[in-house]
Structure formats: structure tokens, C-alpha cells
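Please examine the structure shown below, together with its sequence. The paragraphs that follow lead through selected parts of it, one after another.

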Amino acid sequence: MIVNFSIFILSLSIFTSSANAEATLSVSPTTLKRSGDIVNIEWSNIDSPSDLDWLGIYSPPNSSHDHFIGYKFLNVSATWKDGFGSITLPLTNLRSDYTFRIFRWTQSEIDTKHTDHDQNPLPGTKHLLAGSENVTFGNSVDKAEQIHLAFENKPNRMQVTFVAGDGEERFVRYGQAKDMLGNSAAARGIRYDREQMCNAPANTTVGWRDPGWIFHTVMKNLNPAVRNYYQIGSEAKGWSEIYSFISRDMYAQETRAFIFGDMGCATPYNTFIRTQEESKSTVKWILRDIEALGDKPSFVSHIGDISYARGYSWVWDEFFAQIEPIASKVPYHVCIGNHEYDFPAQPWKPDWAASIYGNDGGGECGVPYSLKFNMPGNSSESTGTKAPMTRNLYYSYDAGSVHFLSISTETNFLEGGTQYEFIKQDLESVNRNKTPFVVVQGHRPMYTTSNEVRDTTIRQKMLEHLEPLFVKNEVTLAMWGHVHRYERFCPISNNTCGKQWKGSPVHLVVGMGGQDWQANWAVRPNHPDLPIFPQPEESMYRTGEFGYARLVANKHKLTVSFVGNHDGEVHDTVEMLASGEVISGSKDGTKTSNSAVAPAPAWDVNSGSKDNSESPNVQTVPTSATLVGKSESDGSWVVKGVGLMVMGLVLGFVAGYFTGMKKGSSSRSRWIPVKSEEI
Ligand SMILES: [Fe+2]
């Protein structure tokens, strides 16, 4: 009772002094030109500063106190204890103004039932200390942003998609010189509304923000293999800067691609869900590679779990702002993942998948995914609701010597279904003289050694229905995401290693793009004698490091290299020869291959800086976290002290990046599984 009374008196004094203080909050500049521009936020006259004082970031400005898009604690500023300080933030153009508010939050107001996705309590808004003026993007809300390219069915075309604040017609003008953008194509906008979202938080006032207008058009009659310049806008709304890309060459024999899954994006603030700081390194290294390639064409394939917006609309904007430096230069292709789609009423959810397909999409039911991207092909399925059709489900294209097929693991892929027939027909019609290699991509893996119990059944269904198609039609390589790791399998079919990819496709899990909430395969400090899972013989290499896969091919050889984010260098390589032979090896000394040949880098790019200061993936186990036998979803990873709340952004993973080594002879009975990992 005495303690409670003391807290009461302390709280009263805090609020009394707060009420009397004339806290100020100011921002500059108050007009920004485009996403990424920085504002400086300054405050002063905060009485009795507390490390729970926090800054709320709001857009639009009339959002209620609890409907911030993000927040930061004032104690990130070095001078916060003196009652003043500043924070600088890059802001993404959300097509409405921003404003900022400072609140006082107290220990007694911490509500452990009002939490973010990591079970960290969301800050309280009872005590407003100061508010700022608005920050606007002014006329820039009319400018095209979030520009991204994609292949079209015809190789002499390129699709471009972008976002603007209104629906008035825009154009893309393009040509082979910056000062000769003589071609023009009209782009018309579409949009979606809150009522078309299927569930919370996407259809609530917490998660919903106006997504603006999404524009799409096609640049046609492009000469092959040349640099094309383009610019987006209109005379009335103004024009974007000039971008460029290399057009496709259907006669080219060389292939270069960057492939990964589960990347997400970073935000400069905490928000309702975990965001992916590591994604910045992935983008950085891929940009390095694209620049090193010069005029050689390449493309990106992001195989599901794309932005991790999960119903928080503005995270999509943050994602597209982050990838624009890549996606405005090379085609950015996608597969659908559970975090774009899963919703309770999804049309295809057989009994065996009831526990697999849930609400991972945060109520988006594939709508932002379907409208914000335009992939080749014309696959679509009804959502069964008033939401628009789900698109970009399965499609294929040729690039150099490789035929790429993207599939959906989120909708019906069973024999007899529309997608199955598409896959069958597509694989059976590949011209192997033109494209001797076939690469299939999808989100949930057919093979993984991660303990994804929840997905066991779907893997069985994939093995039963899809693997025979892959084997019969001599798929070279299957690439999957969903598991946030890199793992390479032997050439495999029916869970048995083969000698060649012909009849036993190589499988790679490449879900290491940025998301981090799975426990590592590394030995844990409190159980140094026990691996989380023994590495079976068919798993040739696996690692907990983030990064991406580089794929290069010519008519004789397809090579995939794993590039690690901590140093931007190749750490594992597998080569598939047109003859069927598979050669592999790793830089880390875990040579495991069918053929004893040393690994080789995929192509010569500058190895980049050795400075890994921008690679936050190299981390250690938080000593406050308990890892054994726990999952994030059961709350065991909850940060107990509010002072550690920001740790929520890094909880859920243990890094250690050289975990590819075989773990020796652990007996199965000694495993300690990590259960119900959410992916
Ligand atoms: Fe996933």
C-alpha cells in the first residue's frame, strides 16, 4: 500500500510539473520534396524527463493519438535528460501531411495486453506534452513515386507501375537517350479502399491509410539489349527524374538474376509490427551488383513475404520507397507469400490446410499485392469477397538460357486445379534448345530442414502433386522462401539424393532476405552440445546469415551463389551443367558436393567494402532472451523491461553467420525442437 501510494504521489508530481511546463516541439523543414527527405524534430522544456517520454509520428495529422504510424523514445537523443533534444527522420511520402506529438507514459500505465506484434506494450497516449506543426510534401504528392519495372509477356516490352496522390492520367515517355524521350504511353490509375480489405488490421482505422492511386503502363517496341531512359508524369502534374533500364533480348544466352524471399523493409521508427532492418543490407549489396554489371541486364525475383505490411498500409509505401533504387533499374518480380494473402475466408483452404492458411496477411487478402504489382501472365482468382481478384499467382518467362516459372503455394496447386494444369503445360512446353535450364520459384518450400511443423502437410502435398512434374520435366532448380535462412539441398527427389539435376532437381531455400524471427540453426549458448536440428545428409549447406542468391547462366552452366550480407561476398556456390552434373562447394569449408570441384564466384563484381558496420545481422544472443524450446508466439521472447522495448526489433533471432557446417552425429532423440515458428 505504501509503495502504491508513493507511486501515486510520484505520478501526481510528474503530471503536475508536466502540466505546468511549456514543452515545445518544432520541425524543419516543413515542406519536403520526395520520399527520403529528412526532417529535424526538436523539443525543449520537458520537465522531469522520463525515459518513457516518446515521440509519436502521425499521418494524416488528424489521426487520433493511438493511431500513430510509428514512435520513438526521446531517450535516443543524447540530451534528453536535460529536457531538450532532437531526432532526425527520413520520411516517406504518404500523400498526406505528417505531424508529431510528444507524450508522457508511466510505468503504471504499461498495458501488457495492448502490445505490438512482438508483445511489447504500445506506448500510452494519456498525457500529451506537445504537438508540432505539420510537415507536407506539398505538390510532390502528385509526383510519381514507388516506381518499379516488370517483364511483360512480349520480350520487347517493359511494364512500369507507380503511385501518385490523385487519379488523373499520367504518362511514361521513353527513348534511347535522355534528351530524346520521344515515345509515350498513357498510364491510368486504380485504387482500393478500406472496405475491400478482408480483416483486421487492414480494414481498421489503425492499419488503414489511403494507399493513393496505383498507375500502370507498358513501354512497347523496345530495341533489344539497349539502355532505355524513361520519365513519368504529365504536363499538369510535373515529371519525375529520368530513370533507365536495359531492355530484354530474347536471343541473349546469358542470364543474371538476384533471388531471395522474405525481405520486408526497414522503417526509421518502431511501429505495430516488426520491420526488417537487415533488408537495407540486402538492397545495398544488390545495388552494388547492378551497378557493377553496367549495361548487362539483370532482374530481381522476390519470392514471397514481400513488405510484411500485414495490414498496416503505410509499410507498403516504406517498402516501395526502399526498393525503388533497384526496381526502377531492373525488373522486380514477385511471388505471393502467406504474408500477402492468408485470410480466414480465403477461397481455397482444404481441411488439411486449416492450420496452414490463417491470417498472416493481416486482412490484406492479397489486394495490395495484386494491384501494386503487375507480373507477366494473366493468372487470377476470386477472393470470394468484395475485394478485387487476386493476381500475379503463377506465370513464366524466359531470361537468357533459363526458363523461369513462378508459382503460388497459397492457392490451389493440387492435381486437377487450374494452377496445376498451368504448371504442367508450362513445363512440358519448354524449348530446351533455347532454355536448357528451368528454374521454379515459389514461397513455401518443398524441402527444408527447419522444423516448420505447421507446414508439414503442405510440404507433403507439394511432394505428392508437384514434385513428379518437376522430376518428369527435368526442372533444374527449385527456389523457395518462407524459411528465413539459406539452405542448399543435393539434387533430390522423393527425399533421396540423386546424382544429377536431371530427374533430381536441386532445391534451395533463399528466405534470408531480411526477416529475422526464426531461431537459428546454430548451437545455442545454454545447450552447446545440442544443435536445434541435426543436418541430414540431403542438406548440403545451411546458414543463418542474411543475404541473397545470385543466379547466372549461359547455355552450358547455371550457377547460383549465396552472397552474405555481413561482407557482401559469396559463401556458397552450386553449379548445374547442361549435362546434368551438379558441382558445389562453400567458402566456409563445408564442401559437400556430388562432384569434388572447388566453388567459384558467380561473376566478378567488386567484392565491396569489408566494413560490416552497416550489416547489423552479425549479432549475439540477447542474454535476456530464453531460446530453448520456445517460439516468439508464446510470448517467451517478450522483453520484460520497457526500457528494452526497442529490442523488439531485434528479438527473435540469433545470428552467428557461419552455421553451415555439419553438426556431426547428434541423435534424433536429443533434439530440442523450436516449435511453431511463425514465418
Ligand atoms: Fe512466409
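In this predicted model, an open sheet is built from 3 strands, arranged in the order β1-β2-β5, and their pairing is antiparallel. Strands of a sheet pair through backbone hydrogen bonds, and this may happen in a parallel or an antiparallel manner. Which strands form the edges of this sheet? The edge strands are β1 (24–28) and β5 (85–90), each of which pairs on one side only. On average, and with direction ignored, neighbouring strands of the sheet are turned by 20° against each other.

Strand β2 covers residues 38–44, and its antiparallel pairing with β5 extends over 6 bridges. Within the sheet, Val-39 stands opposite Leu-89, a residue of β5.

From strands the description now turns to helices. Two packed helices are described by the angle between their axes and by the distance between those axes. For helix α2 (residues 279–293) and helix α3 (residues 313–327), the axes come within 9 Å and cross at roughly 15°. An angle under 35 degrees counts as roughly parallel, and α2 and α3 are therefore roughly parallel to each other. The crossing in which α2 passes α3 is left-handed.

Which residues meet where these helices are in contact? On the side of α2 they are Ser-279, Val-283, Ile-286, Leu-287 and Ile-290, and on the side of α3 they are Gln-322, Ile-323, Pro-325 and Ile-326. Of the residues in this contact, 7 are nonpolar, 2 are polar and none is charged.

Two individual residues in other strands remain to be considered. Leu-129 belongs to strand β7, which comprises residues 127–131. Is Leu-129 buried or exposed? A residue counts as buried if 20 or more other C-beta atoms lie within 10 Å of its own; Leu-129 has 23 such atoms within 10 Å and is therefore buried. Leu-129 and Asp-47 are separated by 82 residues in sequence, while their C-alpha atoms are 9.7 Å apart in space.

The second residue, Phe-562, is located in strand β30 (residues 557–564). Phe-562 is buried because 28 other C-beta atoms lie within 10 Å. Apart from its neighbours within four places in sequence, Phe-562 is in contact with Tyr-486, Gly-547, Ala-549, Val-570, His-571 and Asp-572. Between Phe-562 and Glu-545 there is a separation of 17 residues in sequence and of 9.9 Å in space, C-alpha to C-alpha.

Notes
Residues numbered from 1 in each chain as written. Predicted model: local features only at pLDDT ≥ 70, side-chain atom pairs only at ≥ 80, totals over all residues. Helix = DSSP H or I, 4+ residues; strand = E, 2+ residues; numbered from the N terminus. Buried ≥ 20, exposed ≤ 12 C-beta atoms within 10 Å, placed from the backbone. Axes fitted to C-alpha atoms, helices over the stretch in contact; angles between N-to-C directions. Parallel < 35°, antiparallel > 145°, perpendicular 65-115°, else oblique. Left-handed = near helix turned anticlockwise from the far one by under 90°. Contact = placed C-beta atoms within 7 Å. Nonpolar A, V, L, I, M, F, W, Y, C, P; charged D, E, K, R; others polar. Pairing = 2+ DSSP bridges.
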